[in-house]
Each structure stands twice: as structure tokens, then as C-alpha cells.
Amino acid sequence: MFNPISVSEVRERYSQGESCYDVISEFLEKIKDSRLNTFISISENEALAMAEKIDKGKLSGRLKGIPVSIKDAISTRGIRTTCGSKILENYVPPFDAHVIERIKAEGGIIIGKTNMDEFCMGTTTETSYFGPSKNPWDESRVPGGSSGGSAASIAEGSSVLSLGSDTGGSVRCPAAFCGVVGIKPTYGLVSRYGLIPYANSLEQIGPIASNVKDAALLLEIIAGKDYRDSTSVEKTFEFKLMDVSKVRIGIIREMIEKVDEKVQKETWRAINKLEELGMNYEEVSLPMMDYTLAAYYILAMSEASSNLSRYDGVRYGYHIEKEMNWNTYFSKVRAEGFGDEVKRRILLGTYALSAGYYGKYYLKALRVRNLIIQAFNKLFERYDVLLAPTMPTLPFRIGEIQDPLSMYLMDINTVPVNLAGLPAVSVPAGLNNGLPVGLQIIGKPFDENMILNVALKVEEEVWKR
Amino acid sequence: MEEVIIGLEVHVQLNLLKSKLFCQCPTDYHNSEPNTHVCPICLGLPGAMPVINRKAVEAGIAVAMALNAEIQEKTLFYRKNYFYPDLPRGFQISQYDFPLAYGGYVTIETDSGEKKVTLKRIHMEEDPGRLTYPGTIDTARYSLIDYNRSGMPLLEIVTEPVISSPKEARSFLNKLRTILEYLGVFDGSLEGAMRVDANISLKGGARAEVKNISSYKGVEKALSFEITRQKNLLKRGIMVEMETRHFDEARGVTISLRTKEEEQDYRYFPEPDLPPMEPRSLIPDVKDTIPELPDAKRRRFMEEYGISDYFAKVLTSEIRMADYFEKVAKVIDPGLAATWIADILKGELNYRDMEFSEVFEAEKLIQVLKLLAVKKITEKGAVKVIRVMLDEGGDPLKIVRRLDLMVMDLSEVERLCDEVIEENSQAVSDYISGRKEALNYLVGQVMKKSRGKADPGETNRILIRKLKEREKDSS
Ligand SMILES: [Zn+2]
């Protein structure tokens, strides 16, 4: 079932003379035949129409004819965008997200919208209103989340490139669990315009692909200033090969010591392999790790509680065809339209922002955030990249973790990066019991090129053996 | 009399800016179909992000400067969270800590002289949409929402509790409106342009907040009602409760909305999609755009045109009137222009409940005053022309001709005077024998013969001359 397809493989087929229409049709069939529940919507008509245009020579670009799947949290004009929720089950955005415009402009073909945890709130896709996706390596296991559909689609080869979004690990986690590459860009590198917000100050849209170079290609295309997102910055990204033999590597002790043994083993195996290649590393400590998860969840839930206030059934989305007063109506819409995990986070976030608690929780979390940033800054004075396992466990079984707190603990290694706004990539670095283990490489702000070059090394020397 | 303490929160719509506060939707929705001036941003569609309209910030800075407030080093937008159907995101993007400006004052005239109404703060925020109810708010089975107003740039201007009467509140608002209109960012005549929340207390009592008073006259009414209500409570020994009240404009009363315990918790936190701004850095750009303000213009009018303080004050109370005056005063004697604009024209407007924006062009008044100056028409005739132009419009010369207002030729008046003297020997001899009131009768006769077209002043003068000649002849 793990059968990813690279951009160059598709290009090869085109250079053999295959039509875009045929290639795209084949991918669409693959999506329909998939048993992994990776997609919520398939944009067959739009994709085939675009394929025909390409066949007629009307479109070109760096993604010409490449099938791209999109996490259903990213707005696509004319294609329903549910964010994995009943409350947006029939919502069709009237505009494209910035990243979608960029992909279309480069001739990429949007073939469908991938499954995800409802409003990105989860680590497995199990909170999706449309049911969980399955892990291509073992269908009884979760693909990770929240961008689980995207990563599983890349791993099963039903799309070649995908976009996810990463608020606390939502790109890196499923990339690790599915054995593919996922990038969380520096905060501000990619416009969030059109991304349905979960926690604005933490999240970035990021590419998922079968290999580092493909992921880098997609990042090149989506990166860059967009005036519609005031937090986006005047930076672009270009992937350049570089010599990484002298790169100073720090291994974050707290992120490796507390994880599952099997994950530890594969992580060290990968690190040792890099050492054999002449690269040096040191073990380092990231203080404040004990507080990061709490700080992250307070900030994320606070922002979420506010972001999700707009779903009241008045203008769009789930609504009830019955007369009742406004308060009853919107309460009922939200009671019926949101899932349990979403409600839990709205309640907790509302609580954290309430009078009397704001200082105790929200402001305190902001202070922790500042301390984390300082801690990273300090480490980056001595190291170029920091390494750690992406996830604390191997992919677990669907339904295995029921307790919300245990689930939140799964994000322990990924959230510090979001709090600090840093770039990170998860690259597959080993297999254990037939399940992939992802290695997370964290870099300085806007130093995507460095982490991706290290990731490329891991991919070539460790993963592909 | 008990001491009254009033503080105002004034919401001012910057309705002359081209686009809304966080999107590019045009602001000229006032005569448009509902929900035609909207986009994903001001409809709060998921994924659409606000972008600060720099022009709105500059306008805010200009207002703050004109109100003598201190622009802050750093300013930040916050989310004010509450559910209401006119609020498409479930929160309003407003300001909280780090507002645009602190302090400032507005100078007003009171019965006891000039007074500085000091300001607490000035901040920016977006307007929600607008709810309309078929019939009345109490009986309507449903309401309709128009999001055209959603995202309109607002300034909230908060005074210190230093206003001591409804009348003072009114003159503060009038002055504020004048200043805002001078800045060219605000048209106070548009619906919803200025909305006021008022805090009122009597010395020793708790304060009540009256929300959302939406007309200038309403403010004075609401405050007067509220003061009477509180006085009556105190008289009966009942404590005034700290509460929020609603002003029912139609009935002229305030009604309790909620007590302090039921106050909403807005859960303010910084808007993560909008980075902090440094408004002070924009001051140099904005400074040059600030025009001459009312008080300065008033002083200049007195010096430059030699008109009285009273006229200067009236003329500068509206930028349109001030500009109008200056146009007229270029061609016509400024004293005459001032009288005719500040007194007569303004009076006619008030009588008709018209705004100065509805007045005919200055060129037309110039024509009228020119005719008056050369005595082609009488003052009465001039007023008549003005009235017709206000009521029906039209060209002054044509109106003069149509209504036959041209003053009679002087030789013709002389002739009529001679006739009247011949025909009224009794009145003439009365006059000569010292009963000067007989003159009025004679003037009346001339006017009658001329069917009102003789200039009364001239007629008077001519008659006196002729009667004196008679007197000489007879003695
Ligand atoms: Zn708009």
C-alpha cells in the first residue's frame, strides 16, 4: 500500500507522450479505489478540465500536470471546503486561498480535498466528521493528523504533492506516521490567506511529498509575501543544494529521552549513520520543554474559541430550517454542527480568555512562548540545526487513544517549533516493525534551505539505504 | 441643583474614506441595496483575513491630532468576542490596551464661557452590520441583516466624565462633528454617522450607561430623561442602580437593558492576524493634510474680514458654510455677506429643517446680493428670492423677473410721490404741522400705487425731501 509517486516519475510519463487527461484520470481512479478514506471531496470535473487545457498547450508552469491534493482546511473556489466538520459540510468558498492561486498559476492540478481532523483539532484524523483515514502501512493504524488525509494520499500514491497545515505538528506528524516528507515553514513565509484558521499565531501551510526535493519544489511555489496576509513577510524560498558535512547538529535530549523505545532506537540509528558520514552532533538541552505543551494548548484553544465563533448557521454552513430565536438557533447549530473535540477546545479556550483567568493562563502562556523563543535562539548560536524524533511513538491503532490528554501528549515534540515560529521538516528515517519513523529537523527562522539539505542527506543516506 | 456628571463614548463612522477598515469594499453604501458592499473579509468567511486600511489609520491620526490627543508609539488591534447576528466573525476587531491615542480635548462654548471637554482616549474599530426589523423591534417575527455596514471604519472617542448638562453634551457633539467634517473624513448627515453611549450620574449616585443613541437631538433628550429619572429616584430615597439602559428614540425614554452583574465578558485578546503598528511614524505624513480647524478659521475670519465674533462663530460652525462665505465674500462686502449667510440664509434653513449641504450654489447668492447692493431689488425682495430658490430652486434673475421684484425706477417713484402728495393734502398738512407719523401713511400710499415695487427707503427719502420743499414754499 505504500506506493508514493514522485514529481519526476509523472514528468517522465509526460515526456513519454502520455496525455495529462489520461494521467490525471488514473489518479482520480486511484482515489476512488482507495480504501484509506484519504479524501473528503474529489474535484474530478475541475481537474479533468484543467488537464484538457494542459493537453491543448494552454497551461504550463513548474507544476504542469502534477496532481496536487489539498487539505480540506484550505479554501478552494467552487470546491467545497469542509475543514472536516459537519458545520461546513456544504460550504463552497467563493475564493481561492493564496497557495491555491500559486499552484494553479504553475499548472498544478487540484484533484481533491483531503481528510483531516475537524478544524485541525487532532493528531489522527479520528475527529473528522467524515471518519478517520487509515495508515497505508497498516490499515488498522492512524495516519497521524491533523493533515492525515494528505500524508496518506502521498504515501499511497493517489496524489503526488499535497498541502497540509501545521498548527502544532499537523504536517510533520502525519508525514512521520506515513513515511513521507512534510515541511512546516517559518511563520510568515507562506501566506495563510484562505486557510481556515484554527490558531492564527501558530500555523503555517506546508507541503507534503514523497521526497525532499518535491516538497522543496512545492514550498518554492507557495512561499512569498502576500499583501492579504499581514503576517506574511518579504521573503521567498529557493532550494539550493549545499554541502552539509560541516553542519553543526544539536540533538534535543528532552525530545528523545521521553519517547517510545522503538522510536529512540530508529532515531539513534539514523543519527549514527550521519555520524558515520562524518557529520558531528552534540546532545543539547531545550529548557522549558515541560511547559511548552500547556502553553501551546492554552494559546491554540484561546485563538480557536474566537475563530470558531463565526459558525452560527446564519450566512453559510450547517443550518436548521426551523423558526426559533437567535440565541437558541445558533446554540443549536453549534451543538449539532461541532464534534466533541472541537467543543472541548472551544470551552477550554473560552475559559482561558475569561475575565480573571486571562492573566493566569493566556498571558502566562505568552510568557512561556517568549522563553521558548529565547531558548531556541540560544541553541542556534551554537548549532545550525536541531534534531529530534518527530513523534513520540510509532503509528498507533485507530481508537487506541481515547483520553484527550494522552492524545495531546503526542504533540510534545512538534509544538515547540510552532510556539517559536521556526521551520522544521519531518523526513522518514527508519522502519520499525514495518512502521515508519520520522526524524524532525528544526532550523533557524527562514533557514529552510539548511534543514531541507540535511533532510535530503537523511533521505539519501538513511531512508533509501 | 444636583451636580450632573456625564461622560460620552462617541462612535464616529469615517464614512468619507474610500474603503472599509479591513477590506477594499467601498463605503458609499448608504443608498444601496442590502448586502451589495460586501466581500469575504467583511462577511467573515473562513480563511479571509483582515488587512489594515492605511488611509483609515491616517484619518484616525488626523482626528486625534485635531483633537489635541497624544498619538501612541505602538497601537494594537484586539478581538472583542460576543455573539450577535450582525457580527459576522463572532468578534469585533477593536482596540483595548494600546489604543491609537490618549488624552486630548475639545473646546466648547457654555453659558459660563469657554470650556475644555477633556478626552480619555481615541481608538479604532470596525462597525458591525445592521439589523432591520419588519414593523417594530418588539413585534417583528424575524429580522433582516445588512452587512453593507460591516467593517466600516469607526473611531471611538471617549470623554472624561466632565460634561455637566445635556446642553453641554449637545454642543460637544456639534463641535466634534464640525471638526470631523473639516478634516474631510466624515459626513455627519449620513445615517448612522455618529452614535453615542452616555454615562450619567448625579452626585452621590451610581452611574447608568445609556447605549446607542443615534441622533444628535436624541442625545439631549436621552440625557434629560435620564437625569429626571435619577433625580426622582433619589428624591424618593431609592438608590440609582449601576446598569446599562437603552434609549427608545420614538418614546423619548430610557429602558433598563441589564444590570452590572450581567455585564458581558468580551474576552479581549490581541488580533493575531494584524501585527502591531507604530502610528507616531505616520504623523509627519498626516500633519500636512490637516486643514485649518474651526477655532483658527474663526479667528482668521474676524481679522481678515472684519466681521463680528458672533458671525465668525456661526460661519465656521460648518465647513460648508465657511467655504460658502469665503466664496461670497470675495465679491461682495464681507459684512453684508456674513449677515446674509449667517443670519438670513441660516435662519431660512433652520426654518425648513434643511442642512447647509442642501443650499444653492454660492454664485446664486452673489447674484442676489449684487442686485441688492445696487438697489435693483429690496431686502424684502432678496429674501423672497432666497426662499424661492430654497423651496423650488431656479435662477435668481429669472425669479426676480417672474415675481416682478425689480425695484421701480427712481424717476417713477418721484412721479408717484408727487401724485400721492397731490391726492392727500390732509396728510401733507398734518405732516407739516408736526404730526410726523403722517409720513408713514404717505409712504404706504406710494407703495400701494407702485404695487410694492418702490424701494421703501428711497420712497421715504423722496417724500421727506418733497414735503420739506412744500413746507418751505408754504412758509
Ligand atoms: Zn469587504
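The expected span of a helix is 1.5 Å times one less than its number of residues; helices (H or I, at least four residues) are DSSP runs, numbered from the N terminus. The model is predicted: local features need pLDDT of at least 70 and side-chain atom pairs count only at pLDDT 80 or more, while totals for chains, interfaces and linings use all residues. Residues are numbered from 1 along each chain as its sequence is written, and chains are lettered from A and ligands numbered from 1 in the order in which they are written.

**Helix α9 of chain B**
- Helix α9 (residues 362–373) of chain B has 12 residues and should span 16 Å at 1.5 Å a residue, which agrees with the 16 Å between its end C-alpha atoms.
- Buried residues (20 or more other C-beta atoms within 10 Å of their own, C-beta atoms being placed from the backbone) in α9(B) include A362(B), L365(B), V368(B) and L372(B).
- The buried residues of α9(B) pack against α7 (319–331), α8 (334–352), α10 (379–392) and α11 (396–402) of chain B.

**Domains of chain B**
- An automatic or database domain assignment gives chain B domain 1 (4–286), domain 2 (294–402) and domain 3 (410–474).
- Between the C-alpha centres of domain 1 and domain 3 of chain B, the separation is 65 Å.

**Contact between chains A and B**
- Chain A gives 32 residues to the contact and chain B gives 24 residues, where contact requires C-beta atoms, placed from the backbone, within 7 Å.
- On the side of chain A that touches chain B, α10(A) provides the largest share, three residues.

Conventions: Two residues are in contact if their C-beta atoms, placed from the backbone, lie within 7 Å. Helices (H or I, at least four residues) and strands (E, at least two) are DSSP runs, numbered from the N terminus. A residue is buried if 20 or more other C-beta atoms lie within 10 Å of its own, exposed if 12 or fewer, and partly exposed in between; C-beta atoms are placed from the backbone.
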